[in-house]
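User: I'd like to learn how to read the packing of aromatic and nonpolar side chains in a protein model. Could you walk me through an example?

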Amino acid sequence: MAASEPDSRLAVFLKSGTYRLDEASAFFIDPVRVLNRSYTRFRVSPSAYYSRFFPYSNPSICNPHVSPKNPKKRKFRGQDKKISQALNSREQLADRRHQEARMGLLKAHEALLGDSDLLGVLRNLRGDGDENHGEMTSDLDFVKLGSVWQAPFYEIVLKVGDDGSAAENAGIGSSYQREVPVFDNFIAIESSHDIEAELLDHKYILPKKSCVYMSDLRQIHKLIPAESDCGFNLIVIDPPWENSSAHQKQKYQTLPNKYFLSLPVKQLTHSSGALVALWVTNREKLRTFVENELFPKWGVKSAATFYWLKVKADGSLIGELDLFHHRPYECLLLGLVDGKGMDFEELQKPIGIPDNQVFISVPGDHSRKPPIGELLLDYIPGPKPARCIELFAREMTEGWTSWGNDPLHFQDSRYFIPSRAKVNS
């Protein structure tokens with residue numbers, strides 16, 4: 001008997017980590033399953049990834065006009081015109097953007113709540129019995145390490161085999177350790193398996209077929225390829241925007257907006273062009289800066305907006321949809337950069353990117369974004385497989401180049417557990 005369509009989609013999801021929701025231009029993503037495809041000998045610990053605890057609520061409460069804490073209190077959308085008129089012009093523009101997005105967000109959320117098969121998996125995202133048994137040591141502060149005079153002398157030890165495979169799979173006597181500078185140095189992992197690395201008594205797991213370049217903003221120009229045919233045609237950027245919450249919690253170092261104007265996005269682009277995916281917060285001042293200054297400076301033409309809707313493990317939203325300053329979603333702005341070698345017909349041929357797509361996931365650590373590269377594959381110009389880079393990365397992915405001053409943050413071994421799967425040497 002053939003499997004039903006929901007069963008088939010669920011089986012694909014359990015392997016891939018991506019699930020297309022019915023009757024909605026939306027996807028659900030389990031970042032752990034997506035990331036684990038970059039590893040063979042280890043896998044991302046679900047309990048470590050989903051470290052934040054979101055108390056369960058009643059997922060049937062989907063009415064955006066009512067606060068769960070006080071059902072009688074009407075929220076912003078339901079308030080009278082006097083409050084609406086009290087908004088300044090920037091706040092009114094922010095609310096218009098929200099109103100344009102909210103129906104798609106609600107439809108996506110309702111599709112999630114109506115999928116009992118998927119909800120059953122969600123409730124067990126952390127509960128598969130695989131607790132992370134790594135030592136809960138404090139993370140290395142790479143930003144601070146990279147700023148001291150000794151930085152050029154710090155070396156990371158890569159445990160690899162003669163054939164580039166993981167040391168443990170290379171056979172007795174064929175493994176070795178390679179010591180390379182960790183800062184301001186392009187490191188390529190050519191192994192067909194993930195490898196272990198060590199730096200200052202901290203252990204790291206680096207994914208197969210990945211590259212990392214750790215430096216500050218002043219050194220990023222060294223990533224610009226000598227030939228544009230070696231450039232990137234997918235560029236994902238998650239800037240450390242100025243953020244009072246991040247500053248107060250001391251989660252990561254932030255930078256003023258003007259610093260991002262110097263990013264050499266155009267110079268990093270492949271000769272056939274590139275898709276740029278930029279994470280932004282819901283601050284209208286930031287959106288205006290991106291549209292009027294940042295994208296034009298980078299040579300990026302706006303194409304579409306995607307939304308990341310954040311839910312708890314029971315499917316309910318992590319916050320009220322219409323709460324003005326703390327909405328349970330973030331925006332991913334998509335834009336295109338024309339290639340240097342494109343002729344007139346290619347420049348005039350548009351790449352159809354559907355606007356207002358929604359992807360849903362349970363959030364991990366503060367500021368950690370879900371891996372969305374595969375959702376963008378159909379819209380990337382140029383050759384396949386795509387050449388992909390993430391700027392201001394805090395983790396690594398198979399097939400990607402990761403740049404930033406903290407790209408090894410989530411590669412610490414305490415975020416991983418040994419894989420039960422057998423690996424062929």
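Analyst: Happy to! Keep in mind that this is a predicted model. Let's begin with a charge over a ring: Arg387 lies over the face of Phe232, 5.2 Å from the ring centre.

User: Which ring does the charged end of Arg368 sit over?

Analyst: That of Phe410, with the charged end 4.0 Å from the ring centre.

User: And rings with rings? How many aromatic pairs does the structure hold?

Analyst: There are 16 aromatic pairs. To read one, look at the distance between ring centres and the angle between planes; an angle over 60 degrees counts as edge-to-face. Phe13 and Phe28 are such an edge-to-face pair, with 6.0 Å from centre to centre and 65° between the planes.

User: What does the pair of Phe13 and Phe28 tie together?

Analyst: Phe13 belongs to helix H1 (residues 5-16) and Phe28 to strand S2 (residues 26-29), so their pairing links parts that are 15 residues apart in sequence. Phe13 and Phe28 are both buried.

Now try Trp279 and Phe359, another edge-to-face pair, at 6.1 Å centre to centre and with 85° between the planes. Here Trp279 is in strand S11 (residues 274-280) and Phe359 in strand S14 (residues 358-361), so the pair ties together parts 80 residues apart in sequence.

User: Is Trp279 buried or exposed?

Analyst: Buried means under 20% relative accessible area. Trp279 has 2% relative accessibility, so Trp279 counts as buried. Phe359, also at 2%, counts as buried too.

User: Which residues form one aromatic cluster?

Analyst: Trp241, Phe260, Phe392 and Trp403 do.

User: Now the nonpolar core. What is the general idea, and how many residues has the largest one here?

Analyst: In soluble globular proteins, nonpolar side chains tend to be buried together. In this model the largest nonpolar core has 69 residues, and Ile235, Ile237, Val290 and Trp298 have the most contacts inside it. Leaving aside residues up to four places away in sequence, Val290 touches Trp241, Leu278, Val280, Phe295, Pro296 and Leu333. Another core, of 24 residues, lies apart from the largest one; Val236, Trp308, Ile353 and Leu375 are among its members.

Notes:
Residues numbered from 1 in each chain as written. Predicted model: local features only at pLDDT ≥ 70, side-chain atom pairs only at ≥ 80, totals over all residues. Heavy atoms only, no water. Core = buried A, V, L, I, M, F, W, Y, C linked by side-chain atoms within 4.5 Å. Buried < 20%, exposed > 50% of the residue type's maximum accessible area, 1.4 Å probe, protein only. Contact = heavy atoms within 4.5 Å. Phe/Tyr/Trp six-rings, centres within 6.5 Å; stacked < 30°, edge-to-face > 60°. Helix = DSSP H or I, 4+ residues; strand = E, 2+ residues; numbered from the N terminus. Lys NZ or Arg CZ within 6 Å of the ring centre and 35° of its normal.
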